[in-house]
Structures are given as structure tokens and as C-alpha cells.
Amino acid sequence: MSRILNSMGIAAVAVSALLSTSPASASEEVNLYSYRQPFLIEPLLKSFTEDTGIKVNVVFAKKGMLEKIQAAGSNNPADAVLTVDIGRLYGLKQAGVFEPVKSDVLEANIPAHLRDPEGLWFGLTQRSRIVLASKDRVKPGELTSYEDLADPKFRGRICVRSGKHFYNIALIASMIAHHGEGEAKAWLEGVKANLARKPQGNDRAQAKAIYEGVCDVAIANTYYMGKMQTNEKKPEQKQWAESVRVTFLNQGASDRGAHMNVSGAGVLKGAKHKAYAIKLVEWLSEGKAQKIYAEDNFEYPANPKIAVSDIVKSWGDFKADTLSMEAIATRREAATKLVDEVNFNEGPTS
Ligand code: FE
């Protein structure tokens, strides 16, 4: 596997060079663009190659992947894309760069609400956007819903990363889907009024802020909790995790459940190794890969036959919101507009 870089400029060149030195259609290989990080993806791809004999050339991308794929058109050097967030998957779909895939394996392994109806993308894992609540300063049951985040009793007590981050855009889009734009805007204004500080940092930084007493409630993705709880290299993160309680929201009997997002993959139009690209996505939906996602990255496997890790299990069972990923993706623009309209990233107004 060729290890490449975060710069798409350099990375694209590397893949082209590779293709020009090997007759593409004849060789058993597949070229993959990955937004997912090397530490997670490399063990998966190594195992795929061991199982199938198909070599994977991977480009780790950070920014500008969609633009590169679009600019390359039918000369795209990549066969498939691996990424997080429905916004990115949907953006690629809207750009018309995905090839529809019909696969009995994928249809059997991945529930319908976690894949595109036309087979343009397939969800591989799920994560919930949850609340981390201070064990000392938030009583169990004090905060039980996304709606509660706007309750004045949390004035000055909430920490969150940028409202424009795609994890928060998806959450706000789900609020629009459930309540309409007007109510969602009022909610977002309420959350902004409750912020302890200007939105900043990543999800883990919010748990740190709770540990340090800056705020009592943080919004974060589930797997970050697992990463902090098991971080041997940065034991301070274990303390951050120790100071918070995992809280799944909207769990009442008639309530909708916790907001979910996906990571997933799609095969690119014009893929020169299309059959191998499909094989890779199929393999990622099977037990061995799904177990790696569950154990190494604390994600919820999309394949319902695969169990979550012990750490994830320790957070308890919960009800997931089954709102379709499409319903979230189509409201992302409206969500971004709301973030601007309420000046969310300015932070709390006095
Ligand atoms: Fe993340």
C-alpha cells in the first residue's frame, strides 16, 4: 500500500504516477480516496489485501477531495471514496461522481436507511452526537433532550465546537427536519445564549473544558469518549472522560431517539477497477471489517449482526433517531444559514 499525504496536490500526483507505471485494468488493485485517518484505515486495508489478494493504493485526503474528483472527471485516478459524515457523501452524490452499485452483499449487510436508495453510497458505521455531562455538576435526568440544550437553566453551562463543523450542521439539520426552520432557529438562539464560551476546539476539547470547570455540558460524537477513555499516550484524556457522563438524548418512550450520523463509502464513476472497488466496499460491510470499526474506533457497526465493543456497551443501550440520512443532507444548507443568522460562532451574548 502506498502511504501518502494529507495534501491532495501531492497525493493526486502520486496516484497518477502509480497508474502510469502499471496497466490499470490488468492488475489486482484498487485506488481509494480516504477522508478517514490512516491509523484506522491501514489495518482494515491490510486485512482486505490478505483476504482477497487485491492491493489498495490509498490517498489520505483532508480538504478539496470533491473538487479534485470533479476536476478529474472521467480521468479520475481513484475508484472509490471512504469518508465520514452524510454531508460529504451527499455532496459527492449531488456532484454526480458516484457510480450506482447493485450488490446483494451490501443490501444484506447494511440496513436500507443507512444507504443511498440508488446504491450511490453505503453507510459503514454509525455514531451518535451525544451530550457529555459533568458528573459533579449535572444531575442524572437534568438534561434529557436536544431541546433542553436551549433551556435557560443551562445558561452559561454549555461548550461546543464551531457551529459550522459538519457534525453540528448535521445535528442542526435534524432539528430543522423535526421542528421546521422557525423553531430550529429559536432553539439555536437558545443554545447560543447558553454557551459558556465562544465555540472552539474539537469534540475532545469540550470534555477537557468540563474537566476544567469551564462548562457543565458538552456536545460530542460517541467514539471520542471511547478514544479518551482508552488513551494510554495521553492519560490526561482519561481524566477528562472520567469527569463526564455519556448521555443519549430524546430517549423517552414516545420520543425520536438520539441523533445519528454515518461514515461510508461509494464507488466513483469511471472507476478503472470497478469490480475490485465494489469488492472493497462489500468487504468493509462484512464481519471482520465491521469488528475493527467497532473495536478500534468505538463506532456502531452499520451491519446489525456485529456487536459493539465492551467500552461502547458500557455506555448503555439507546434508541437511535431513524430520520433518514437524506432528510439530514437536504437540510444542511438551511442549517448553515441558521448558524450565520444567529451568529452562533460569536458565542454567548451578554
Ligand atoms: Fe470525528
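## Exercise 1: a residue of the core

Leu-284 touches Leu-44, Leu-82, Leu-124, Ala-289, Gln-290 and Tyr-293, leaving out residues up to four places away in sequence, where contact means heavy atoms within 4.5 Å. The model is predicted, so that local features need pLDDT of at least 70 and side-chain atom pairs count only at pLDDT 80 or more, while totals for chains, interfaces and linings use all residues. Residues are numbered from 1 along each chain as its sequence is written, and side-chain values use heavy atoms, with hydrogens and water left out.

**Task.** Find which residues touch the most other members of the largest nonpolar core.

**Solution.** A nonpolar core is a set of buried Ala, Val, Leu, Ile, Met, Phe, Trp, Tyr and Cys residues joined through side-chain atoms within 4.5 Å, buried meaning under 20% relative accessible area with a 1.4 Å probe, protein chains only. Among the 112 residues of the largest such core, Leu-132, Leu-149, Trp-187 and Leu-284 touch the most other members. Helix 6 gives the most to this core, with 9 residues.

## Exercise 2: a helix pair

**Task.** Describe how helix 6 and helix 7 pack.

**Solution.** Begin with the geometry: helix 6 (residues 166–179) and helix 7 (residues 181–194) pack at about 135°, their axes 7 Å apart. Next, identify the residues that meet: Ile-172, Met-175, Ile-176 and His-179 from helix 6 face Glu-181, Glu-183, Ala-184, Trp-187 and Leu-188 from helix 7.

## Exercise 3: a helix 4 residue

**Task.** Decide whether Leu-89 is buried or exposed.

**Solution.** Leu-89 lies in helix 4 (residues 86–94), and because its relative accessibility is 0%, Leu-89 counts as buried.

Technical notes
Axes fitted to C-alpha atoms, helices over the stretch in contact; angles between N-to-C directions. Helix = DSSP H or I, 4+ residues; strand = E, 2+ residues; numbered from the N terminus. Buried < 20%, exposed > 50% of the residue type's maximum accessible area, 1.4 Å probe, protein only.
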